[in-house]
Amino acid sequence: MHKTPLLDQLESGPWPSFIKDLKRVAARKKPAADLLGLLERSYKDKITHWKHGGIVGVLGYGSGIIGRYTDLPEEFPGVEHFHTVRVNQPSGWFYTTKALRELCDIWDEHGSSILNVHGSTGDMIFLGTTTPELEPCFAKLTAKGWDLGGSGSAMRSPSCCVGMARCEWSCYDTMDLCYEATQNFQFEMHRPSFPYKFKIKCSGCPNDCVAAVARADMSVIGVWKDDIRIDQAAVKAYAGGELKPRGGATPYAKLDVQADVVALCPTACMAFDGKTLKIDNKNCNHCMHCISLMPQALRPGTETGATLLLGSHAPILEGAQMSWVIVPFMEMETPYEPFMDLVANITEWWSENGKNRERVGELMLRLGMRAFFKGVGLEPPPQTVKTPRANPFFFWHEEDFEAEAAGRKYIK
Amino acid sequence: MATIEYKGKTFSVDEDGFLENLDQWCQEWVDYVKDSEGIKELTDEHWKVINMLQDYYKKNGIAPMVRILSKVTGFKLKHIYELFPSGPGKGACKMAGLAKPTGCV
Ligand code: HEM
Ligand code: HEM
Ligand code: SF4
Ligand code: SF4
């Protein structure tokens with residue numbers, strides 16, 4: 001074991017420490033021991049000792065494994081190769097203990113034993129192995145029914161919130177969509193051919209537990225079209241303190257319906273006279289604030305589906321951007337043909353027009369929403385206007401002028 | 001940097017086995033990669049891919065995007081994987097002697 005005074009300091013706080021975890025593995029695994037040594041060295045030298053990513057993989061796949069090498073292989077032979085294997089996670093991250101044991105056994109045999117459960121793409125991450133171990137590890141994984149996730153300029157493993165498995169707010173079956181999208185885009189996941197990465201994340205409601213709006217090129221967020229369902233008796237029970245706000249998950253004993261709910265509604269579309277709660281549903285923007293605070297009194301409507309948003313990413317120069325509404329409402333029923341077709345159209349338009357390493361959101365901004373909608377075959381819906389009444393300009397297509405001249409009265 | 005000896009030639013390669021320098025590229029290199037990548041016979045189709053990659057690389061200094069490779073050769077991506085089982089980057093670029101394409105996680 002290397003001496004690691006700088007890292008040891010990280011164990012002193014009150015929080016769980018990855019150093020403590022790694023030391024436990026290091027006692028029986030050389031790569032983990034050398035990983036600690038290398039990290040200590042980086043803290044001392046104030047520079048990373050990992051080289052730029054390598055290209056390794058298994059036959060037939062262009063993605064799923066990320067090559068890593070240290071620039072100090074003589075001193076730290078255990079991390080001379082330290083490749084990462086992305087294992088496609090099950091929808092909603094539900095594993096049986098048996099499945100977890102199988103994964104751990106495979107990784108104990110073919111890698112460092114260090115896991116990242118889970119990476120931010122969603123995959124189960126096996127951290128640290130050597131090139132010769134890749135094929136045998138992959139063979140063991142597939143024999144147990146697992147597959148690699150996406151990496152590089154490919155479709156990344158779709159991911160989703162727990163959805164209907166655990167959550168009453170889910171407006172569509174996120175786990176099913178995630179599974180079907182994963183199956184549908186197998187080729188695109190394993191054979192990178194896009195300008196850059198493309199992520200699909202599925203949240204069942206606007207609480208957006210997988211942060212789809214900020215972390216996915218295609219954000220699929222559950223929503224309802226009709227009215228919020230109200231149980232007025234339960235509203236009274238919240239107002240009277242018999243029911244605790246947010247299912248008891250706040251420090252407050254009693255909800256002040258006027259101050260905590262009505263006054264904080266972002267569109268000011270609620271009213272409460274002490275007895276009855278009213279919602280002007282036309283002006284509700286489905287933020288989930290009221291529903292999250294009073295789950296027993298309020299529920300999403302019953303005409304449910306999803307809003308599709310496109311383009312979030314975090315480029316260095318412009319800063320992070322959120323996804324932008326492109327389809328205000330889509331029904332989400334298996335086999336999700338309209339969704340799959342739209343994603344295929346979008347990736348095709350982007351592959352055709354995008355520059356190397358340009359995310360679809362950057363391309364959409366570069367060429368403009370007008371070109372985007374036309375390119376992917378969508379009608380431009382009014383909901384894409386970010387600040388209504390502040391963007392009075394619409395740039396018409398030449399065909400529109402011609403159609404007007406030929407007598408067309410309204411755009412449908 | 002490592003070196004590889006094959007049929008009387010010596011090649012210097014990076015840790016992923018890509019040639020350090022396109023000037024070293026020759027028929028022996030192609031044969032060497034062919035064996036290590038598990039390709040049985042080299043066909044005209046393999047050569048079409050190799051030639052395209054080298055032309056593009058000499059003009060632009062980088063490997064082409066996969067889509068451009070597909071367009072110019074007329075081979076669908078699926079077919080490129082049939083020709084080069086480890087794919088256009090790890091298989092075809094390596095055989096063509098290009099520097100390692102920069103990947104992204
Ligand atoms: C009959 C005369 C004019 C008409 C019908 C007219 C009409 C308009 C309209 C429809 C807009 C867009 C409004 C909006 O953003 O919602 C506009 C914007 C503007 N107009 Fe005029 N305009 C007239 C004269 C002028 C004159 C004389 C000036 C300057 C000396 C001027 C300066 C501007 C500017 C600076 C804007 C941009 C405002 C912004 O982007 O917020 N306009 N005009
Ligand atoms: C140093 C001088 C000026 C600066 C730094 C400046 C800067 C800007 C900026 C940043 C915008 C917003 C552009 C956009 O968001 O698309 C703008 C818009 C505009 N500026 Fe200026 N401006 C200057 C002088 C002028 C002058 C002298 C006029 C008119 C005589 C003018 C007329 C306008 C108009 C009409 C717009 C609105 C354009 C539109 O909405 O399409 N500006 N200006
Ligand atoms: S995003 Fe909504 S539906 Fe999904 S788990 Fe979170 S609250 Fe429930
Ligand atoms: S969901 Fe949000 S916008 Fe809609 S009524 Fe509740 S607080 Fe208001």
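Reader: How many Å separate the centres of domain 2 and domain 3 of chain A?
Author: Good place to start, and keep in mind that this is a predicted model. Chain A is divided into domain 1 (5-143), domain 2 (159-225 + 303-405) and domain 3 (229-299). Taken over C-alpha atoms, the separation between the centres of domain 2 and domain 3 of chain A is 31 Å.

Reader: How many residues does each of these two domains of chain A give to their contact?
Author: Residues are in contact here if their C-beta atoms lie within 7 Å. On the side of domain 2 of chain A that touches domain 3, four residues are nonpolar, one is polar and none is charged. Domain 2 of chain A gives five residues to the contact, and domain 3 of chain A gives five residues.

Reader: Where does the largest nonpolar core lie, and why?
Author: This core has 61 residues, and A:Leu177, A:Val220 and A:Met294 are among those with the most contacts inside it. Helix 12 (residues 337-353) of chain A gives the most to the core, with six residues. Because domain 2 and domain 3 of chain A both give residues to it, the core lies between domain 2 (159-225 + 303-405) and domain 3 (229-299).

Reader: Which residues does A:Leu310 touch?
Author: A:Leu310 is another of the residues with the most contacts inside the largest core. Leaving out residues up to four places away in sequence, A:Leu310 touches A:Asp217, A:Met218, A:Ser323, A:Trp324, A:Ile326, A:Ile346, A:Val360, A:Gly361 and A:Met364.

Reader: Which class has how many residues in the shell around ligand 3?
Author: The residues around ligand 3 include A:Cys161, A:Cys167, A:Cys205 and A:Cys209, along with A:Trp169 and A:Asp208. Sorted by class, the shell around ligand 3 has six nonpolar, five polar and one charged residues.

Reader: Which helix gives the largest share of the shell around ligand 4?
Author: Ligand 4 is surrounded by 14 residues, and the closest are A:Cys265, A:Cys284, A:Cys287, A:His289 and A:Cys290. By class, its shell has ten nonpolar, four polar and no charged residues. The largest share, three residues, comes from helix 11 (residues 289-293) of chain A.

Reader: How do the residues on the side of chain A that touches chain B divide by class?
Author: The contact takes 22 residues from chain A and 19 residues from chain B. On the chain A side, they divide into seven nonpolar, 13 polar and two charged.

Key. Residues numbered from 1 in each chain as written. Chains lettered and ligands numbered in written order. Predicted model: local features only at pLDDT ≥ 70, side-chain atom pairs only at ≥ 80, totals over all residues. Core = buried A, V, L, I, M, F, W, Y, C linked by C-beta atoms within 7 Å. Buried ≥ 20, exposed ≤ 12 C-beta atoms within 10 Å, placed from the backbone. Helix = DSSP H or I, 4+ residues; strand = E, 2+ residues; numbered from the N terminus. Domains from an automatic or database assignment. Near = placed C-beta within 6 Å. Nonpolar A, V, L, I, M, F, W, Y, C, P; charged D, E, K, R; others polar.
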